[in-house]
Each structure stands twice: as C-alpha cells, then as structure tokens.
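Thanks for coming, everyone. Let me put the model on the screen and walk you through it.

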Amino acid sequence: MKHWFPAPWLSLALFAAWLLLQGSVAPGHLLLGALAGWLLPVLTAPLRPRAGPLRRPGVLVRLVFTVGLDVVVSAAEVARGVLSGRRRPPRPAFVVIPLELRDPQALAALAVITTIVPGTVWTELAPDRSALLLHVFDLPHEGDFIRHYKERYERPLLEIFE
C-alpha cells in the first residue's frame with residue numbers, strides 16, 4: 001500500500017487543490033485530480049527525505065513560537081535600522097557559526113528558520129557541516145550573536161532531531 005500511496009496526505013491535498021483550482025467537480029476534473037494526486041507523490045517519492053525521528057514535540061512547539069516571535073522582533077529591528085540608517089548606520093557582517101547539528105533534516109529546518117527571520121541570510125554551509133556562514137544585517141557583538149543563534153535555534157533542533 002505504501003508503494004502505491006507513499007504520501008496519502010499529499011495525495012489528498014493535491015486532489016483537493018486540483019479541484020479548487022479547476023472550480024469544478026465534473027467527472028473529468030475528478031479523474032485528472034485523482035491521477036495528479038496519485039501520480040505526483042509516486043514520482044517524487046525518491047526525492048523526499050526519509051521521515052526522521054521527531055523527539056520532544058514540546059520543544060518543537062516552543063521553537064515554533066520562538067521563531068514566530070523572532071520574526072516579528074527582527075522585522076521591527078530591521079525596519080528601525082533602515083529608517084535610522086543616517087543617525088546610526090547598521091553594521092552588516094558575515095559571521096561563522098560553529099555547528100553541532102549534523103542531521104540533514106535539522107539543518108534544513110535551521111536553514112528555513114534563518115531564511116524567515118529578517119536580518120539574517122544563510123550564505124554557506126561548510127562541506128563537513130561543521131560551520132555555517134551567515135550574513136547579518138546589524139551585528140554589534142559577534143560573540144553575543146553566535147551564542148543567541150545557537151541557544152535559540154540550534155539547541156532546540158538538537159533536542160528535536162538528534
């Protein structure tokens with residue numbers, strides 16, 4: 001069954017999305033939606049990463065709220081930095097973050113977190129995954145930023161994935 005329907009929720013979502021996009025439940029649309037919902041997950045199954053162990057769901061929930069709060073706070077700080085750029089220009093810099101994370105899914109989650117938090121850009125991951133190069137919009141103290149980044153994002157991901 002898993003071979004024919006490797007991702008049943010994805011199949012269902014694709015089927016529903018197809019019908020919503022078509023705006024019709026005509027038999028032809030039902031058939032094409034069912035075909036898309038079945039075939040696309042089967043064809044893309046080798047591309048999806050394995051389902052990893054998800055430990056400590058409470059830490060995951062706390063991380064989601066932390067990232068949500070950081071998005072709002074960072075957006076305000078970046079806006080303030082842009083608007084007050086003449087009085088106190090931001091101090092952009094590249095910073096190397098030493099990493100303990102090795103799990104590919106955890107690193108992907110860290111990349112997503114870094115991308116959605118304004119003011120940080122994921123620039124490069126070392127080939128051995130031991131360090132991450134970030135560009136930071138305003139970096140007053142490199143050591144404080146590294147400690148903050150590791151404590152708020154890497155530590156919870158270590159608890160969740162490793």
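Where does Arg 129 lie? Arg 129 sits in the loop between β2 (120–125) and β3. Helices here are DSSP runs of H or I with at least four residues, strands are runs of E with at least two, and both are numbered from the N terminus.

Ground rules next. This is a predicted model, in which local features need pLDDT of at least 70, side-chain atom pairs count only at pLDDT 80 or more, and totals for chains, interfaces and linings use all residues. Residues are numbered from 1 along each chain as its sequence is written, and side-chain values use heavy atoms, with hydrogens and water left out.

Phi of Arg 129 is near 60°, a positive value in a residue other than glycine. Most residues other than glycine have a negative phi. Arg 129 counts as partly exposed, at 32% relative accessibility. For the cut-offs, buried means under 20% relative accessible area, exposed means over 50%, and partly exposed is in between, with a 1.4 Å probe and protein chains only. β2 and β3 form a hairpin with five residues between them, and Arg 129 is in the turn.

There is another positive phi to show. Arg 56 has phi near 55°, and again the residue is not glycine. Arg 56 lies in the loop between α2 (27–44) and α3.

Now the sheet. What is the strand order? It is β1-β3-β2, in an open sheet of three strands with antiparallel pairing. Two strands pair if DSSP finds at least two bridges between them. The edge strands are β1 and β2, each pairing on one side only. From one strand to the next, the twist averages 30°.

How many bridges join β2 to β3? Five, and the two strands run antiparallel. Val 121 stands opposite His 135 in β3. Glu 124 stands opposite Leu 133 in β3. Two helices pack on this sheet. α4 touches β2 and β3, and its direction makes about 145° with that of β2. α5 touches β1, β2 and β3, and its direction makes about 50° with that of β1. Contact means heavy atoms within 4.5 Å. Axes are lines fitted to C-alpha atoms, for helices over the stretch in contact, and angles run from 0 to 180 degrees between N-to-C directions.

Ala 93 stands opposite Val 136 in β3.

Asp 103 is in the loop between β1 (93–98) and α4 (104–116). Is Asp 103 buried or exposed? Asp 103 is buried, with a relative accessible area of 10%. Asp 103 caps the N-terminal end of α4, with a side-chain oxygen 2.9 Å from the backbone nitrogen of Gln 105. The backbone nitrogen of Ala 106 lies 3.0 Å from a polar atom of the Asp 103 side chain. A polar contact is a pair of N or O atoms within 3.5 Å; within protein, one must be able to donate a hydrogen and the other to accept it, and residues adjacent in sequence count only if both atoms are side-chain atoms. Leaving aside neighbours within four places in sequence, Asp 103 is in contact with Arg 50, Phe 161 and Glu 162.

α4 itself has 13 residues and reaches 18 Å from its first C-alpha to its last, close to the 18 Å expected. That expected span is 1.5 Å times one less than the number of residues. Buried residues in α4 include Leu 107, Leu 110 and Ile 113. Their cover includes α3, β2, β3 and α5.

Finally, the core. The largest nonpolar core has 24 residues, and among those with the most contacts inside it are Val 95, Leu 134 and Tyr 153. α3 (57–83), β1, α4, β3 (131–136) and α5 (142–161) each supply at least two residues of this core. α5 gives the most, with eight residues. A nonpolar core is a set of buried Ala, Val, Leu, Ile, Met, Phe, Trp, Tyr and Cys residues joined through side-chain atoms within 4.5 Å.

Not counting residues up to four places away in sequence, Leu 134 touches Val 121, Trp 122, Phe 145 and Tyr 149, among others.

One last pair. Thr 66 is found in helix α3, and is buried at 18% relative accessible area.
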